[in-house]
Amino acid sequence: MNIEELRDFCLQKKGITEEFPFNETTLVFKVMGKMFLLVALDRWETGQQEINMKCDPEKAIQLREEFPDDIYVGPYMNKKHWNTVKVNTVLPDKKIKHFINHSYELVVAKLTKKQKEELKNLD
């Protein structure tokens, strides 16, 4: 998966914005203003193709144990709720997309009723 495919996959979801709130190289995807995926573009370009995503706490531990070389706690992220996932390694794109969907759905589930209604009504 290249960065354009990753970006297109994220942007096809409802209520998505892409921003650079931390610096000019950390691309953040948000749903209704809440982060669900981050990617360090400078690192991506140098071959460290990783994304940070929200994950159910129990599932996060399970995935880190199952794929210790490709899924781990990322720097500066809450280790209970976020995983760093290597892209373009042993994990197929289909699995990466599943993880992205999981992250998106976790964030949507925590939105307020008003935000969920707004999201539902978006085209």
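**View 1. A patch of negative charge on the surface brings together Glu 4, Glu 5, Asp 8 and Asp 93.** The model shown is predicted, and local features need pLDDT of at least 70, side-chain atom pairs count only at pLDDT 80 or more, while totals for chains, interfaces and linings use all residues. Residues are numbered from 1 along each chain as its sequence is written, and side-chain values use heavy atoms, with hydrogens and water left out. Such a patch is made of residues with over 30% relative accessible area and no salt bridge, like charges being joined within 9 Å and nonpolar side chains (Val, Leu, Ile, Met, Phe, Trp, Tyr) within 5 Å. Asp and Glu count as negative and Lys and Arg as positive, whereas His and the chain ends are not counted, and the place of a charge is taken as NZ of Lys, CZ of Arg, CG of Asp or CD of Glu. Helix H1 (residues 3-11) gives the largest share of the negative patch, 3 residues; helices (H or I, at least four residues) and strands (E, at least two) are DSSP runs numbered from the N terminus. Asp 8 has its place in helix H1 and counts as partly exposed at 48% relative accessibility. Here buried means under 20% relative accessible area, exposed over 50%, and partly exposed in between, with areas from the Shrake-Rupley method, a 1.4 Å probe and, for residues, only the protein chains shown as cover.

**View 2. Glu 18 and Arg 7 meet through their side chains in a salt bridge of 2.5 Å, N to O.** Glu 18 lies in strand E1 (residues 16-19) and Arg 7 in helix H1, so this pair ties together parts that are 11 residues apart in sequence. A salt bridge is a side-chain nitrogen of Lys or Arg within 4 Å of a carboxyl oxygen of Asp or Glu, and the structure holds 3 of them. Glu 18 is partly exposed, with a relative accessible area of 30%, and Arg 7 is also partly exposed, with 35%.

**View 3. Glu 19 and Lys 30 form a salt bridge whose closest N and O atoms are 3.0 Å apart.** The pair links distant parts of the chain, 11 residues apart, with Glu 19 in strand E1 and Lys 30 in strand E2 (residues 26-31). At 28% relative accessibility Glu 19 counts as partly exposed, whereas Lys 30 counts as buried at 14%.

**View 4. Arg 43 forms a salt bridge with Glu 50, with the closest N and O atoms 3.1 Å apart.**

**View 5. The side chains of Asn 52 and Thr 84 are joined by a polar contact of 2.3 Å.** A polar contact is a pair of N or O atoms within 3.5 Å; within protein, one must be able to donate a hydrogen and the other to accept it, and residues adjacent in sequence count only if both atoms are side-chain atoms. Asn 52 is found in strand E4 (residues 50-54) and, at 16% relative accessibility, counts as buried.

**View 6. A polar atom of the Ser 103 side chain lies 2.5 Å from the backbone oxygen of Phe 36.** Ser 103 belongs to helix H4 (residues 93-109), and this serine is buried, with a relative accessible area of 0%.

**View 7. Met 32 has a positive phi of about 50 degrees although it is not a glycine, and Asn 88 has a positive phi of about 65 degrees, again without being a glycine.** Met 32 lies in the loop between E2 and strand E3 (34-40), where it is buried, with a relative accessible area of 19%. Asn 88 lies in the loop between strand E6 (82-86) and H4, and this residue is partly exposed, with a relative accessible area of 37%.

**View 8. The C-alpha atoms of Gly 74 and Ile 51 are separated by 9.1 Å, the two residues being 23 residues apart along the chain.** Gly 74 is found in the loop between strand E5 (71-72) and E6 and counts as buried at 6% relative accessibility.

Note on methods:
Buried < 20%, exposed > 50% of the residue type's maximum accessible area, 1.4 Å probe, protein only.
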